[in-house]
Every structure is written in structure tokens, then in C-alpha cells.
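Here is a short report for a reader meeting this structure for the first time. Keep the sequence and the model in view as you read.

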Amino acid sequence: MKFQKDSKIVMLTAYDTLFTKLFDGIVDMILVGDSLNMSFRGERDTLSASMEVMLYHTKAVCKGRKESFIIADMPFGTYRNREIALENATRFYSETCADAVKIEGGVEKADTISHLVQNGIAVMGHIGLTPQSSRGEGGYFVKGRDTESWEKVLKDAKAVENAGAFAIVVEGVKSELGKEIAETLSIPVIGIGAGKDVDGQVLVWSDMLGFFEDFKPKFVKRYLNGGELVREAVKRYADEVQNGIFPEEENRY
Ligand code: KIV
């Protein structure tokens, strides 16, 4: 696998062709994240994203990609045992251009990860705060705040690496724990809310560009006020239509 720990890896989500074309080649990795279920489809969590939904969006992302490495999120329930996982992961490879799949979970998913890897599928792990567990856990909780939680996340990280994952996302952990995981593992550690001492960062595109405005987690930095810019442009358009300004001479046949 071409990704190493010697330079910072940039990863961003994308859900469609349009935005993939804008991100392609600038970011190293594009994640077709099941976060699309919330930000794009208005659901309250990621759990109802299906294989059909994720395949649909992965195919759209594939159409916009020339360079960046594409990772498809395996939806909740589609890797509940190793056979089901292999069947579904195979669909991402045979029906889309995805270069890898991502699976949430640590020790308990190690066997599944190793089964996929043995069958020729590149797997990215995802540990710490795992959104697909949020309903079962009763919310989104930062991990590593006490020794027990710290040790569990560290154990999960090692299990995912030993199972053969090529990289791992670590989400929502104390920065010091993010650092320890990055120092312990030999595979790249991509952080989201895991501090700066990891091997790369991932953000959800609609969060970092300010299009998703329902809430803003602490780890998100907004690089654009997308929502404001769009509303302002649409208001201008509405105003010009209502006042007979648009279409102007140059817009007419
Ligand atoms: O679904 C997603 O976008 C993710 C990132 C938050 C890592 O899993």
C-alpha cells in the first residue's frame, strides 16, 4: 500500500461526482462516508445507510475521480459476520472503483478484517468514537477519558493493525491517546477529533465547507461559510427574477 507514515495524509469525504471533481488530486484519500446519511439525506444517524445507498454514492464519486484513493464505508449491519462482510465488501470491488473499504470496530472486528484482507480486499479500520455504535451507546462520547477506555482503544488499534488493515481512522479520542496510537502502530493513523500528533486528518466535506449547519462538533474547522454563500447567491437570483433583471442580454438567445 502506497500510504506511509512519513508525510501527513489528507482525507476528505465526498458523496457525488460534482464535489469529487473539486477535491480530486488535492486530497490523498476520498472517503465515501456513511456520514452522508445525516448530512446529505437528513437522517438522525448513520445507521439506516444501506448497501444500495453506499454503492450509489460510491459509483458517483468514482465518476469524478482521476487520482485520489477512494475508500467506501461499509454500512451498519453489512459486516456483522465475516461471510456477510466478504459478500458486501466484494460488491464494492466488483460494482464500483473503490480502492478499499472502511469498517468500524476494534478487537471484535479483527477476525472480519483479516478475512477480507485474506480475500484481497484492502481494509481501513475505524476505532474510538464509532458513529455506528452511537445509538447502542446512547450518544456520541469522546473515548480515552479514563484508563479503562484508554486501554480499550489502544487494544482495538493494535487488533486492527494485526488483522491486516492498511490504515486506521481514530475518531473522538483525547489528543494524547491519538499520539500514543500513532507512535505505537506502524500503519498510518488518520485522526478526526484525535489531535494533531497522528499521521493524517479526515473531515466531512459538508462540515469543513460550512454547508451542514445543524451542529458543529469541536473538531471541525470551517474553511468556508458555504451555507451563507449559497443562501446569499440564491437570494440575489430570486431578487433578480422577481424584479425582471435576470435573464440579462447575455443570457438570452
Ligand atoms: O462517515 C464518515 O464520514 C466517517 C468519517 C467521520 C471518518 O466515517
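P247 is found in the segment after α10 (226-242). The peptide bond that joins F246 to P247 is cis, and its omega is near 0°. Helix and strand names follow DSSP runs (H or I of at least four residues for helices, E of at least two for strands), numbered from the N terminus.

This is a predicted model: local features need pLDDT of at least 70, side-chain atom pairs count only at pLDDT 80 or more, and totals for chains, interfaces and linings use all residues. Residues are numbered from 1 along each chain as its sequence is written, and side-chain values use heavy atoms, with hydrogens and water left out.

## The disulfide

How many disulfides does the structure hold? It holds one. A disulfide here is a pair of cysteine sulfur atoms within 2.5 Å. The pair is C62 and C97, with sulfur atoms 2.0 Å apart. C62 lies in helix α3 (residues 51-64), and C97 lies in the loop between α4 (82-95) and β4 (100-104), so the bond ties together parts that are 35 residues apart in sequence. In general, a disulfide is a covalent bond between the sulfur atoms of two cysteines.

The torsion about the S-S bond of C62 and C97 is about -100°, so this disulfide is left-handed. Are the two cysteines buried or exposed? C62 is buried, at 15% relative accessible area. C97 is partly exposed, at 24%. The cut-offs are under 20% relative accessible area for buried, over 50% for exposed, and in between for partly exposed (1.4 Å probe, protein chains only).

## Helix pairs

Axes are lines fitted to C-alpha atoms, for helices over the stretch in contact, and angles run from 0 to 180 degrees between N-to-C directions.

| Helix pair | Crossing angle | Axes |
|---|---|---|
| α3 and α4 | roughly 25° | within 10 Å |
| α4 and α5 (110-118) | about 45° | 9 Å apart |
| α7 (147-163) and α8 (175-184) | roughly 30° | within 10 Å |

Start with α3 and α4, whose axes cross at roughly 25°. That angle makes α3 roughly parallel to α4. The angle classes are under 35 degrees for roughly parallel, over 145 for roughly antiparallel, 65 to 115 for roughly perpendicular, and oblique for the rest. The crossing of α3 and α4 is right-handed. A crossing is right-handed if the near helix is turned clockwise from the far one by less than a right angle, and left-handed if anticlockwise.

From α3, the residues M51, E52, M54, L55, T58 and K59 meet N88, R91, F92 and E95 of α4. Contact means heavy atoms within 4.5 Å. By class, this contact has four nonpolar, two polar and four charged residues. Ala, Val, Leu, Ile, Met, Phe, Trp, Tyr, Cys and Pro count as nonpolar; Asp, Glu, Lys and Arg are charged; the others, Gly among them, are polar.

Next, α4 and α5 pack at about 45°. That makes α4 oblique to α5. Their crossing is right-handed. R82, A85, L86 and A89 of α4 make the contact with D111, T112, H115 and L116 of α5. These residues divide into four nonpolar, two polar and two charged.

On the α7 side are W150, V153, L154, A157 and K158; they meet E176, L177, E180, I181 and T184 of α8.

## Buried residues

Helix α5 has buried residues A110, T112, I113, S114, H115 and L116. They pack against α4, β4, β5 (123-128) and α7. Just after α5, G120 takes a positive phi of about 85°.

A89 belongs to helix α4. It is buried, at 0% relative accessibility. What does A89 touch, leaving aside neighbours within four places in sequence? Its contacts are M74, V101, L116 and I121. A89 and I121 are 32 residues apart in sequence, yet 7.5 Å apart in space, C-alpha to C-alpha.

T20 sits in helix α1 (residues 17-23). T20 is buried, with a relative accessible area of 0%. Not counting residues up to four places away in sequence, T20 touches A14, I30, V61, G64 and R65.
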